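Hi,

Here is the structure I promised to pass on. Have a look at it first, and then read my notes below.

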Amino acid sequence: MIPMEWHEKGIKEILSDLHSGKSGLTGLQAEERLAQYGLNSIIIEKRISPLKIFLEQFKNALVIVLLFAAVVSFAVSYIGPGESDYLDSILIFAIVIANAFFGFFQEYKAERTIEALSKMSAPKATVLRDGKETEIQSDDVVPGDILLLREGDKVAADARIIESFSLHADESALTGESVPSLKSTGKLSDNLPLAERKNMLYMNSVITRGRGTAVVVETGLKTEVGKIAKEISDAPEKTTQFQIEIEDVGKKIMYITLFVLFIIVTTEFLLRTGDLLFIFIAAVALGVAAIPEGLPAVVTLSLSIATNRMLRQKALTRRLSTIQDLGSVDVICSDKTGTLTENTMTVTRMYVPGALFYVSGSGLAKLGELISREGAVEQLDQLLKCAVLCNDSRETEQGFRGDPTEIAVLIPAYKAKMDVDMLRQDHPRSNEIPFSSDRKLMSTLHGDTSFVKGAPEEVLSRCKRIKIKNSIRKMTKKDAEEISRKNIDMAGSALRVLAFAYTENGKKNPESDLIFLGLMGMIDPPREGVKEAIQDCRKAGIRVVMITGDNKYTAAAIGRDLGFRDSVITGTELDALSEEQLLKKVEEHDIYARTSPKHKVMLLRALQKNRHIVCMTGDGVNDAAAIKNSDVGIAMGIRGTEVTKQASDMIILDDNFITIKNSIAEGRASFTNVRKFVTLLLGANTSEVLAVLIATLSPLGISSKIAIQLLWINLLTDGLPALALGADPPSSDVMQNKPRDRKERIISKNVLYFIAVIGIFEMLAVILIYAFYSLNHDIIKAQTMFFTSFIVFEIISVYLVRWRYNTRFLTNKWLHLSVLASFVLQIVLLYTDLSSWFNVTAPDLMDWLITWAVGLVFVAIVWGAMKMEKHIIR
């Protein structure tokens with residue numbers, strides 16, 4: 001038999017099960033239970049380890065190969081041709097270590113900005129101990145404690161309500177409900193979602209109105225919040241898609257390099273002198289040249305630049321590699337409350353007999369207009385007066401305080417330019433009848449006049465008269481039907497509707513023989529700019545899914561406003577589906593209502609099984625488990641709970657969906673920059689390997705200084721120019737393309753084609769120049785131009801690669817400066833005494849003209865090959 005949930009039990013049964021009573025526990029009982037159940041806190045078991053974060057930077061095949069090559073190069077420097085090998089090995093070490101520290105500081109700094117989970121706990125709680133009201137640390141709350149709750153209190157643990165006096169709790173962070181839940185004491189049926197368990201209170205919810213008592217039933221990690229936190233803690237650390245791809249690239253480069261080195265070493269040994277020392281030195285030099293040691297650095301640099309750009313746009317990235325996965329996302333699962341909407345109830349329509357008013361503005365802003373074609377301003381003033389006086393909310397220096405619904409009906413008075421404070425001073429409250437779930441009304445007495453607000457059907461049933469313009473007359477059946485129609489129209493638009501009335505005989509009959517004034521309809525409205533951001537995402541091939549704890553009608557209305565398909569499915573309906581049906585349904589529906597945390601994880605896993613790369617956004621505790629397990633988890637910075645931030649990969653500091661769209665653009669641009677770098681380096685390195693192989697087979701052979709020449713070429717072209725590619729801004733069409741297929745790697749068919757084009761035609765251009773000078777039997781000049789033409793053509797290749805990826809020429813000044821610096825360094829080497837170290841001579845003007853003429857031919861051929869790409873690669 002399945003044990004009953006707490007909400008299914010009666011109060012006496014629960015108190016008996018917990019061995020407690022309405023007078024609470026004794027001090028001795030509390031001490032014993034604290035020892036038995038532990039502290040009422042959410043403990044993070046997985047601490048941030050600086051050493052682990054630092055060592056993670058070296059878990060990459062490419063980095064390991066680079067470190068090995070650097071060690072070999074360093075050892076060879078003692079017996080090799082010169083100290084340049086020694087310097088290059090230091091350079092490799094410096095790049096790898098700098099990259100590691102760079103990534104470490106970025107990730108560690110981001111981790112330190114996230115608050116600890118335990119800080120979520122309410123600092124104090126008021127309980128009954130030994131029959132007396134006692135304030136204790138929330139950590140010391142134990143099962144069986146009786147909580148005393150008032151407006152503004154933060155609930156310390158999960159509790160079953162014993163007494164409720166108009167008790168309302170804001171549970172939006174856990175359930176997704178934007179309206180505070182009215183609490184009751186009766187036992188409920190089974191299989192109810194959290195949002196409908198009206199006799200329960202949950203850790204970290206806030207009492208917005210009324211007062212009550214409750215018995216604690218669960219503490220710490222056994223609370224609903226604690227279960228989510230435990231699931232987050234138990235989830236294994238995920239390996240991002242981008243980390244897999246970089247590892248894949250590193251392994252492929254390693255295998256290809258070893259194969260080519262084997263061919264060159266074998267050829268040199270069989271056809272040449274067989275000088276093992278020279279062969280070994282040349283092999284190491286070529287191996288280092290073939291491996292793009294700048295790849296880890298440029299990946300980190302590109303991601304860091306994107307991170308800083310995103311931070312300026314209010315997005316904090318906790319892991320650098322997350323940016324790349326963000327650019328691959330094809331589904332965004334977004335919480336409705338506070339992410340797509342304001343998380344603030346806003347009156348959008350008001351009805352007075354004979355006139356319908358539309359209210360502009362949203363949230364807590366007092367700016368807005370009350371617009372109507374029918375007029376009836378006099379009646380509207382009376383409606384607003386009732387909303388102000390029959391209201392416990394207020395404006396303070398810190399903002400509005402009170403129940404969100406009451407704040408919502410108060411704000412239209414400010415928009416109508418009413419002096420709220422003066423109105424309340426002129427009509428002081430002498431008595432009141434608080435809102436109750438039985439009456440569904442609230443009334444306040446001001447002199448002889450009683451003002452009433454509540455559920456439309458309840459208020460209307462008590463109204464005998466109606467005020468139209470400045471006259472009061474008996475309410476007719478036709479009047480009642482018209483009011484009911486307006487109520488249904490508003491409710492059909494997912495508005496929460498309140499009715500307002502008054503009586504001048506309030507002292508005797510405060511809630512009867514009422515005069516009807518009007519209706520107010522309110523909703524948690526969409527955030528400004530979100531609809532456009534969702535449209536931009538869809539144009540970019542990204543599907544946006546809305547997941548909420550609200551009812552299906554509210555969800556559908558908000559969905560329509562945001563441009564969603566009008567198809568809603570509830571959490572209860574999801575539970576009834578088989579796994580096969582669920583996999584189909586997640587492709588058909590974009591709006592999910594009445595969901596619980598388990599439904600969010602269920603939807604996430606179904607989408608991932610359907611081969612989607614999923615981003616989960618949200619701000620409530622109910623989002624945390626799904627955020628942790630998603631491909632990219634995004635928490636909201638302002639409204640987000642600490643559990644959610646702890647679970648996330650990224651935090652949106654301004655809670656703006658537009659920032660998510662901008663972050664995706666940065667993620668795509670960052671991936672493109674890495675792809676540019678890989679294309680450039682592998683294309684250039686391919687040409688170097690092939691050219692050296694062919695030169696080895698030629699009659700003149702290769703230079704005795706080939707090792708340091710290759711390392712110098714590597715330094716100039718794999719250095720600043722290639723690194724500067726990481727600073728390229730997003731192209732203008734970055735959000736006009738579909739997300740990458742998850743099977744597509746950095747080196748796709750198209751990239752491999754372009755690498756081959758660069759590598760083969762650059763090699764042919766270099767060999768052409770080498771052959772031209774070889775025919776004149778000028779060995780030094782031939783080897784000089786072989787050396788110099790590589791640098792010229794690889795600088796040209798930088799701009800060809802940018803052209804290939806639609807990057808505007810004048811963007812990225814750092815690239816142009818780095819290209820200039822590399823060319824100047826080559827000039828200095830050729831025309832100073834440094835030339836003797838490399839066994840080269842200074843080219844004359846004709847040599848430069850020949851080189852640049854061949855370079856122009858190289859550009860023309862590559863341009864033609866780019867035009868043919870779409871016909872060759874399908």
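A word on naming before anything else: helices (H or I, at least four residues) and strands (E, at least two) are DSSP runs, numbered from the N terminus. What does serine 430 touch, leaving aside residues up to four places away in sequence? Its partners are Leu445, His446 and Gly447, where contact means heavy atoms within 4.5 Å. Aspartate 448 is 18 residues from serine 430 along the chain, and their C-alpha atoms are separated by 9.5 Å.

Some housekeeping. This is a predicted model, so local features need pLDDT of at least 70 and side-chain atom pairs count only at pLDDT 80 or more, while totals for chains, interfaces and linings use all residues. Residues are numbered from 1 along each chain as its sequence is written, and side-chain values use heavy atoms, with hydrogens and water left out.

On confidence, pLDDT is the predictor's own score for each residue, from 0 to 100. The protein has a mean pLDDT of 82, with 81% of its residues at 70 or more. Residues 113-122 stay under 50, and the model has 33 contacts for them beyond four places in sequence. Where pLDDT is low, the predicted coordinates should not be read in detail.

Now the helices. Axes are lines fitted to C-alpha atoms, for helices over the stretch in contact, and angles run from 0 to 180 degrees between N-to-C directions. H28 (residues 749-775) packs on H29 (residues 779-804) at about 155°, with the axes 9 Å apart. That makes the two roughly antiparallel, a label for angles over 145 degrees. By class, their contact has 15 nonpolar, 5 polar and 4 charged residues. (Ala, Val, Leu, Ile, Met, Phe, Trp, Tyr, Cys and Pro count as nonpolar, Asp, Glu, Lys and Arg as charged, and the others, Gly among them, as polar.)

H29 also packs with H30 (residues 813-830), at about 175° and with axes 12 Å apart, which makes this pair roughly antiparallel too. The contact includes Phe787, Ile791 and Tyr799 of H29 and Val819 and Phe823 of H30. Its residues divide into 11 nonpolar, 4 polar and 1 charged.

Strands E18 (residues 463-468) and E19 (residues 471-474) pair in the antiparallel sense over 4 bridges; pairing takes at least two bridges found by DSSP. Lysine 467 stands opposite isoleucine 472 in E19. There are 2 residues between the strands, and lysine 469 takes a positive phi near 60° in this hairpin.

Cheers

Methods. Parallel < 35°, antiparallel > 145°, perpendicular 65-115°, else oblique.
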